[in-house]
Amino acid sequence: MTFRIALATAFACAIAISAPKAEAEQFINVLTGGTSGVYYPLGVALSDIYGKGIEGARTQVQATKASVENLNLIEQGKGEIAFTLGDALALAWEGNVEAGFKTPLKKLRIVAAIYPNYVQIAALQEAGVTTIADMKGKTLSVGAAKSGTELNARAILGAAGLSYDDLAKVEYLPFAESVELMKNRQLEATLQSSGLGNAAIKDLASSQAISIVSIPVEVATAMGMPYMPATIPAGTYQGQDGDVATVAVGNYLVTSEDVPEEVVYQMTRLIFENLDVLKAAHSAGADISLDKAAKNPPVPLHPGAERFYREQGKL
C-alpha cells in the first residue's frame, strides 16, 4: 500500500512539473470619459477588441471625467490605457498645478495619437450667439472642473480676450447635463470638446433651434500648438447649414511605463487591425491613422508601442 501511494504521488508530481504553465491573467482597465461623449463608445469598442484579441485579458471600461482624471489615474496605476487631449497630456508631463496635476506625471507613455477633438460651442438660437465674442454676458457650461474640456475653454476664452468673469454664469457640467439645462432654458450655451457628431449636441439639435458658435481662425492661431484652426462641416448637426470655424486639438491613447511591453505591443497592434470596429463605434474612429499615430509625440512612446511602429516602418 505504501509503495502504491508513493508511486501515485510521484506520478502526480511528474504531471504537475510537465504541465504547461497557465498564462497569467492580464487586467486591462480602459479609462474613457462621460457616457455621452466620444471617448466612451470608442473605449467600449477597445475593451471588446482587447478582450477577444489578447490571451488571458480581462477588460473593463471606466467612465470618468476624461483627460485630467484619466492621466492622474494612469500615473497611480489605476488604469492600463486611457484617452486624453494633447494639451492636458503636455500639462500633466510638466506638472501644471492649475490644470489639476500636483506633480509632473512622468510614468505617462503614449500608445497612439488618434483623432482630433473639435471644440464645439452650441448655443440656443434665441441667445443670439454666433461667434465666441458674443459669449460676453451669457451663461456657459465648460465641462467638469479641470477636465480637458475645461482647459480648452479657458484657453479659447483667453485667446478671444475673455475670461470667466466676462460671462453671466459658468457651469461645470458634463455634456449630457449641460444639454438638459439648455432644454429647460436654464443655460444658453455649452462648450464641448470631442470628435464631430457629438451625441449630446445631436440630441440638443433634434429638439431645439441652436447655433454652432464660430471660433475665428485668428483666435485659433493666437492659441498656438497644440491647438490648430479647424472646421465643423455643414450638416454635422441638424439645422447647421454652413461650415463653422473652430479649434482642434489632438487626442491620444496613453498608458503607464509600468504596463508590460508585450501587453502594450498587443494593444497597439489591435487598434490598427480593428479600425473598422472603431469607426463603427463612432465616426471619429475614421480619423485614426497609422501614418499619424507616432508623429511628434508630446511625451515618450511606450516601448511596446514603439516596437510596433518600427515594425510598420513608421519610425
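At what angle do the axes of helix H2 and H9 cross, and within what distance do they come? In this predicted model, the two axes cross at roughly 115° and come within 10 Å.

## Helix H2 against helix H9

Helix H2 covers residues 39–53, and its crossing with H9 is right-handed. On the H2 side the contact is made by Leu46, Ile49, Tyr50 and Gly53. On the H9 side it is made by Met267, Arg269, Leu270 and Ile271. Sorted by class, the residues of this contact comprise 6 nonpolar, 1 polar and 1 charged.

## Helix H9 against helix H11

Helix H9, formed by residues 261–273, also packs with helix H11, formed by residues 303–311. Their axes lie 7 Å apart, at an angle of about 50°. The two helices are therefore oblique to each other, and their crossing is right-handed.

From H9, the residues that make this contact are Glu261, Glu262, Val264, Tyr265, Thr268, Arg269 and Phe272. H11 contributes Pro303, Gly304, Ala305, Arg307, Phe308, Tyr309 and Glu311. The class count for this contact is 7 nonpolar, 2 polar and 5 charged residues. Arg269 is listed in the contact of H9 with H11 and is also listed in the contact of H2 with H9.

## Helix H6 against helix H7

The axes of H6 and helix H7 (residues 199–207) come within 9 Å and cross at roughly 15°. That angle makes H6 roughly parallel to H7. The crossing in which H6 passes H7 is right-handed.

Six positions of H6 are named here by residue: Phe175, Ala176, Val179, Glu180, Met182 and Lys183. They meet Ala200, Asp203, Leu204 and Ser207 in H7. By class, the contact of H6 with H7 divides into 6 nonpolar, 1 polar and 3 charged residues.

The structure holds 1 cavity of 30 Å³ or more, and the space in the largest cavity is about 30 Å³. Its lining consists of Leu42, Leu46, Phe83, Ile114, Leu253, Ile271, Leu278 and Ile288. These lining residues divide into 8 nonpolar, no polar and no charged.

Two of the lining residues, Leu46 and Ile271, also belong to the contact of H2 with H9, Leu46 from H2 and Ile271 from H9.

## The largest pocket

The volume of the largest pocket is about 520 Å³. Of the 18 residues in its lining, Ala113, Pro116, Met228, Gly250 and Tyr252 are the closest to the centre of the pocket. The elements giving two or more residues to this lining are strand E4 (108–124), strand E9 (227–232) and strand E10 (244–256). The lining of the largest pocket contains 12 nonpolar, 3 polar and 3 charged residues.

## The second largest pocket

The second largest pocket holds about 350 Å³ of space and is lined by 25 residues. Nearest its centre lie Gly33, Gly34, Lys65, Ala66 and Phe175. Phe175 is also among the residues of H6 that meet H7.

Two or more lining residues come from each of E4, helix H5 (148–159), helix H6 (175–183) and strand E7 (189–194). H6 supplies the largest share, 3 residues. The class division of the lining of the second largest pocket is 9 nonpolar, 14 polar and 2 charged residues. Strand E4 is named among the elements lining the second largest pocket and likewise among those lining the largest pocket.

How values were computed:
Residues numbered from 1 in each chain as written. Predicted model: local features only at pLDDT ≥ 70, side-chain atom pairs only at ≥ 80, totals over all residues. Heavy atoms only, no water. Axes fitted to C-alpha atoms, helices over the stretch in contact; angles between N-to-C directions. Helix = DSSP H or I, 4+ residues; strand = E, 2+ residues; numbered from the N terminus. Parallel < 35°, antiparallel > 145°, perpendicular 65-115°, else oblique. Left-handed = near helix turned anticlockwise from the far one by under 90°. Contact = heavy atoms within 4.5 Å. Nonpolar A, V, L, I, M, F, W, Y, C, P; charged D, E, K, R; others polar. 1 Å grid on protein atoms, 1.4 Å probe; cavity = no way out; pocket = protein on both sides within 12 Å on 5 of 7 lines; lining within 4 Å. Points joined across faces, edges and corners; volume = space filled by probe spheres on them.
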